[in-house]
Amino acid sequence: MLNIVIFGPPGAGKGTQSEKIIDKYNVVHISTGDLFRWHTKNDTPLGLKVKEIMNSGELVSDDITIAMLREEVEKNPQASGFLFDGFPRTVPQAEALDELMKSLGTEIHAVVELDVTEEEVRSRIAKRKELEGRADDADDKLERRIQEYFNKTIHVLPYYKHQNRLSTVNGIGAIENISASIAEVLNKHVS
Ligand code: ADP
């Protein structure tokens, strides 16, 4: 199996690069942001539960997020690998993911961090807001998401660094160049 985590602040380009990775490596893409958006859009019981917190830009609780993630992984018993996008965002989530991988007899092979400055992130999201109109891209909520990243999510990096699984890739530049840098990291894990 090839199990990958793609990591970076809001607007780092995780979605764009994820599409390239799933095509190239044939892994199942699990984006917790997309899953939560699907639930809120369809007014599922889970969606109703998380709608308010999501729209405020805060993180959904670990319990809820981990349960949803686990269910998604278990729906794909035949997968030759996973790409986790937007997860883990806290150290308890990272620990839960390690446990889950272990229970499947596998592990996280690579964590790819897209390194993007805060300034770049703000300008990209301002553009996306005009194009897509995502509810949580409004200014005050965006501020909250950036804060959540720098207060909580950033602590996941030393966790993976300590495990020797972290690779940092420059997230600024042409999309193809960034994809090529990511491929260099991932190719080390495919035979
Ligand atoms: P971004 O573009 O900010 O990276 P996502 O699309 O990944 O955001 O997620 C949107 C929202 O969904 C987050 O602001 C948060 O409320 C919720 N969310 C997504 N993934 C997680 C997670 N792993 N833990 C907690 N909340 C999450």
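This briefing looks at helix α9 and at the sheet it packs against. The model is predicted, so a word on the basis: local features need pLDDT of at least 70, side-chain atom pairs count only at pLDDT 80 or more, and totals for chains, interfaces and linings use all residues. Residues are numbered from 1 along each chain as its sequence is written, and side-chain values use heavy atoms, with hydrogens and water left out.

**Helix α9**
- Helices are DSSP runs of H or I with at least four residues, and strands are runs of E with at least two, numbered from the N terminus.
- Its buried residues (under 20% relative accessible area, 1.4 Å probe, protein chains only) are Ile178, Ser179, Ile182, Ala183, Val185 and Leu186.
- Seen down the axis of α9, these buried residues fall within an arc of 160°, so they line one face (the arc is that of directions from the helix axis to the C-beta atoms).
- Glu176, Asn177 and Glu184 are exposed on the face turned away from the buried side (exposed means over 50%).
- The buried residues of α9 pack against β1 (2-7), α1 (14-25), β4 (110-115) and β5 (166-170), with contact meaning heavy atoms within 4.5 Å.

**The sheet**
- Five strands form an open sheet in the order β2-β3-β1-β4-β5, with parallel pairing (at least two DSSP bridges between two strands).
- β2 (28-31) and β5 are the edge strands, each with a single partner, so one side of each has no neighbour in the sheet.
- Parallel strands β1 and β4 are joined by 4 bridges, and Ile6 has Val112 in β4 as its bridge partner.
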